[in-house]
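This report describes helix packing, aromatic pairs and overall features. Please consult the sequence and the structure shown below.

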Amino acid sequence: MKNQFDRIKELDPAIRASLADIVAVAPTKDQEPTRDAAIVGAIVGAQATRRSFALVAAAAVVLVGVGSVMVTTSRGGEISPASSPQNTLASPVNVSPTGPLLSTALPVDAVPYIVFGDGWELTDVYSNIGPLLTGGFEGATVFVGDGPLYDAPAFAAAVIDTTQTGTSMSALLDEGEPVEVAGVTGSVYIDRAGTSDPFVTMYWPIDDSRYALFSATGLAVEEAVTFANGLTLDGDRLVGNPPDGYRSLPTLPTTGSRRHINYRFSDGYREIDINGENRGIAHLLSAGVIADQTTTRTVNDVEVAVRVDEEGTTASRIFWMSGDWSFYVIADGFTDGDELLHIIGELTLIDSETFVAAARELLDIVMPGEHSDLALPVVEGLGLTDMALTDAITTDLPMSMYHYGFELVMGAACVFEDRRSAIAPDDSATPAELATQIRAIADAAIAAGHARAVELILTPLLEIVERRNPEVELSDWTDCPTWATTN
């Protein structure tokens with residue numbers, strides 16, 4: 001029997017093609033932009049708000065965890081078995097809260113500036129902002145059993161609009177086993193069948209353009225069907241009251257902007273990669289917290305989900321929610337999982353002035369605001385609309401100069417690619433004109449210090465435009481900035 005993740009990846013090219021920017025893992029200065037297939041994750045049919053050239057699709061699943069243990073921190077503080085959290089939504093305002101990252105409730109429009117303690121240096125910052133994804137768990141109804149958050153059975157239900165996502169409803173409904181749910185015939189996929197915590201994913205049609213996505217862990221199929229039948233359609237949401245022994249978790253609406261931020265720190269021997277998004281539980285539902293077994297732990301009175309390494313000894317990834325945001329940490333070089341949990345408890349949010357004073361001693365930082373001097377040499381010749389040009393020269397979240405340069409060059413390439421794709425096969429004059437434009441932008445970008453981005457992005461595109469190398473693939477391309485799709 002095929003794993004449901006493999007099955008859904010095979011179902012329909014539209015599913016793979018419509019996944020966009022789910023969990024971006026930012027490149028360091030020593031790496032090219034890439035994605036971590038182990039974390040890119042689990043929203044089926046997410047709407048492509050940006051063009052994407054290297055994506056990994058996986059089935060949508062929900063929270064899972066096993067066990068709970070007691071450990072002691074290196075400073076003598078107790079990290080106890082988890083208790084049930086109180087989840088509240090913060091008021092969305094443009095602020096940069098300060099305090100412990102684990103326990104500070106971040107609003108949707110927050111700008112989180114994160115630092116570590118002594119001995120750790122900031123090595124990279126990456127961020128992006130764009131429309132919220134659809135076709136996944138944004139606005140979903142999520143219920144989790146009482147007890148430790150990441151160990152309890154849980155299920156989530158969402159309505160998917162195929163006119164927005166471009167997914168094939170028939171592919172999802174035809175490939176699974178038939179199941180009677182919500183008064184219609186749907187399809188069910190079961191992973192890890194026969195174990196104590198199978199993943200159950202169901203789809204059923206709502207009308208000609210919408211279907212329901214229901215995903216659960218720790219439930220038998222019969223239980224999943226019962227809970228699904230207890231939900232009712234309210235506009236574009238499936239809603240209901242928590243069953244006995246369950247509580248609801250807040251999810252964010254599908255309006256507003258999606259913010260993703262990535263910080264990397266190193267002490268010279270170990271590295272910690274912090275990823276956050278303002279999608280609340282929807283981020284964790286799609287980040288793989290649910291695709292692998294995790295264990296709930298409590299650090300400084302906050303529940304976190306801990307995934308251990310292959311040997312089962314050292315924590316390798318840690319997930320948690322902070323108000324309207326959720327975060328996961330990827331660690332490398334640690335031999336003591338308790339030590340990592342202690343360090344996570346020391347993550348601190350600081351104000352922008354303190355952050356930039358510390359960060360700029362380590363790397364070039366581009367802070368939120370307009371950056372005409374940095375961006376105009378690359379984008380002013382693209383023929384963007386006034387609104388798109390303003391977006392191109394403006395950043396909403398901090399990032400390193402390295403990544404900002406890649407974003408600018410990528411945006412230019414996306415504009416040129418749109419023009420190239422519109423050229424008729426027998427047109428010999430237009431490609432030459434386009435090549436001249438690309439060369440001019442490439443020269444400007446190189447002069448601005450973005451030679452590596454030009455080499456990886458504009459150079460192969462130029463070879464395609466000039467028809468010198470038809471075999472060239474744009475394999476190093478990632479997603480187009482929003483401003484490059486609105487010119």
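## Helix packing

Helix axes are lines fitted to C-alpha atoms over the stretch in contact, and angles run from 0 to 180 degrees between N-to-C directions. Helices (H or I, at least four residues) and strands (E, at least two) are DSSP runs, numbered from the N terminus. The model is predicted: local features need pLDDT of at least 70, side-chain atom pairs count only at pLDDT 80 or more, and totals for chains, interfaces and linings use all residues. Residues are numbered from 1 along each chain as its sequence is written, and side-chain values use heavy atoms, with hydrogens and water left out.

Helix α9 (residues 372-379) packs against helix α11 (residues 401-421) at an angle of about 30°, and their axes are 9 Å apart. α9 is therefore roughly parallel to α11, a term for angles under 35 degrees. The contact (heavy atoms within 4.5 Å) involves Leu374, Ala375, Val378 and Val379 of α9, together with Met401, Tyr404, Leu408 and Val409 of α11.

## Aromatic pairs

Rings of Phe, Tyr and Trp (its six-membered ring) pair if their centres lie within 6.5 Å; planes under 30 degrees apart count as stacked, over 60 as edge-to-face and the rest as tilted. The count by this rule is 16 aromatic pairs. One of them is the stacked pair of Trp120 and Phe334, at 6.3 Å centre to centre and with 10° between the planes. Trp120 lies in the loop between β4 (114-115) and β5 (121-131), and Phe334 in the loop between β20 (325-332) and α7 (337-344), so this pair ties together parts that are 214 residues apart in sequence. Trp120 and Phe334 are both buried, meaning under 20% relative accessible area with a 1.4 Å probe, protein chains only.

Phe155 and Phe214 are also stacked, because their ring centres are 5.2 Å apart and their planes lie at 25°. Since Phe155 belongs to strand β7 (residues 154-161) and Phe214 to strand β11 (residues 210-217), the pair ties together parts that are 59 residues apart in sequence. Both Phe155 and Phe214 are buried. Ring pairs also link these two residues with Phe143, Trp204, Phe227 and Tyr246 in a cluster.

## Overall features

The chain contains 13 helices and 25 strands. Of its 487 residues, 56% are buried. Among contacts between residues at least 6 apart in sequence, 70% join residues at least 24 apart.

The accessible surface of the chain is about 19,500 Å², with 48% belonging to carbon and sulfur atoms; the areas come from the Shrake-Rupley method with a 1.4 Å probe.

Key: Buried < 20%, exposed > 50% of the residue type's maximum accessible area, 1.4 Å probe, protein only. Parallel < 35°, antiparallel > 145°, perpendicular 65-115°, else oblique.
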